[in-house]
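Please open the structure in a viewer and keep the selection tool at hand.

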Amino acid sequence: MQAVEINTGANPQACVIWLHGLGADGHDFEPIVPELELEQPVRFVFPHAPVRPVTINQGMRMRAWYDILQFGPGPEDEAGVRASQKLVEAMIAAEKSRGIGKVVLAGFSQGGAIVLQTALRHRERLAGVLALSTYLPLHRTLEAERSPENREVPIFMAHGQYDEIIPLARAEQSRQFLERLDYRVQWHTYPMPHSVCPEEIADISAFLREIL
């Protein structure tokens with residue numbers, strides 16, 4: 001799996017695997033690392049999604065974690081979602097084999113959906129989850145498939161109030177669904193579109209300091 005890798009210091013004991021959104025690549029969130037101002041050394045891994053045709057974009061080929069069949073809720077590319085879940089699980093295993101103790105999964109938009117899909121089913125305890133401007137995919141299967149190891153995992157969910165790509169209401173439904181299953185969700189909204197803002201980066205930094 002090709003990825004941009006950044007170590008903020010020597011011998012990091014913690015790693016953040018951060019997934020980009022549709023059509024972007026691993027460089028998309030690279031500039032955020034210095035802005036987080038983390039004291040301890042942390043390893044950041046920004047993987048590039050596979051290139052595939054995307055239905056909502058007239059079948060154009062682009063980096064995508066799964067196909068998006070229509071705008072808004074509806075049929076989902078379950079095979080694509082599960083394939084990307086496997087890719088992320090392989091990345092977690094690779095970091096553990098390097099001797100990394102704590103792994104955080106982070107993702108924006110489509111990347112955030114894969115992070116929620118993976119983290120809540122993963123069979124080893126994760127340090128935390130950052131789900132940014134996203135929603136919970138394949139929610140109907142979660143209760144049956146979720147792992148006991150990550151029932152207590154801290155989840156940071158953030159969304160823009162003016163998000164025109166994934167409306168705020170859709171993210172709120174995902175949050176409520178997670179809370180009904182007793183997940184611990186730290187919920188934040190910001191006056192922004194489908195993007196990231198400085199206040200959000202400060203809140204992400206505080207969350208990472210807390211869990212790492």
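The tour of this predicted model visits a strand residue and then several salt bridges.

Begin by selecting Trp187, which belongs to strand 9 (residues 184–190). To complete the surroundings, display His159, Leu168, Ala171, Glu172 and Arg175, which, like Met157, are in contact with Trp187 once neighbours within four places in sequence are set aside.

Turn next to the charged side chains, where eight salt bridges are counted. Select Glu39 and Arg209, whose side chains form a salt bridge with an N to O distance of 2.8 Å. Glu39 sits in the loop between helix 1 (32–36) and strand 3 (42–47), whereas Arg209 is part of helix 6 (residues 198–211), so this pair joins parts 170 residues apart in sequence. Glu39 is exposed, at 65% relative accessibility, while Arg209 is partly exposed, at 37%.

Move on to Glu145 and Arg121, another salt bridge, at 2.6 Å from N to O. Here helix 4 (residues 142–145) supplies Glu145 and the loop between helix 3 (110–119) and strand 7 (128–132) supplies Arg121, so the pair ties together parts 24 residues apart in sequence. Which of the categories, buried or exposed, applies to Arg121? Arg121 counts as buried, with 6% relative accessibility; Glu145 is partly exposed, at 25%.

Finally, select Glu5, Arg43, Glu95 and Arg98, which a network of salt bridges links. Within this group, the closest N and O atoms of Arg98 and Glu95 are 3.9 Å apart, and Glu95 is buried, with a relative accessible area of 5%.

How values were computed:
Residues numbered from 1 in each chain as written. Predicted model: local features only at pLDDT ≥ 70, side-chain atom pairs only at ≥ 80, totals over all residues. Heavy atoms only, no water. Helix = DSSP H or I, 4+ residues; strand = E, 2+ residues; numbered from the N terminus. Contact = heavy atoms within 4.5 Å. Salt bridge = Lys/Arg side-chain N within 4 Å of Asp/Glu carboxyl O. Buried < 20%, exposed > 50% of the residue type's maximum accessible area, 1.4 Å probe, protein only.
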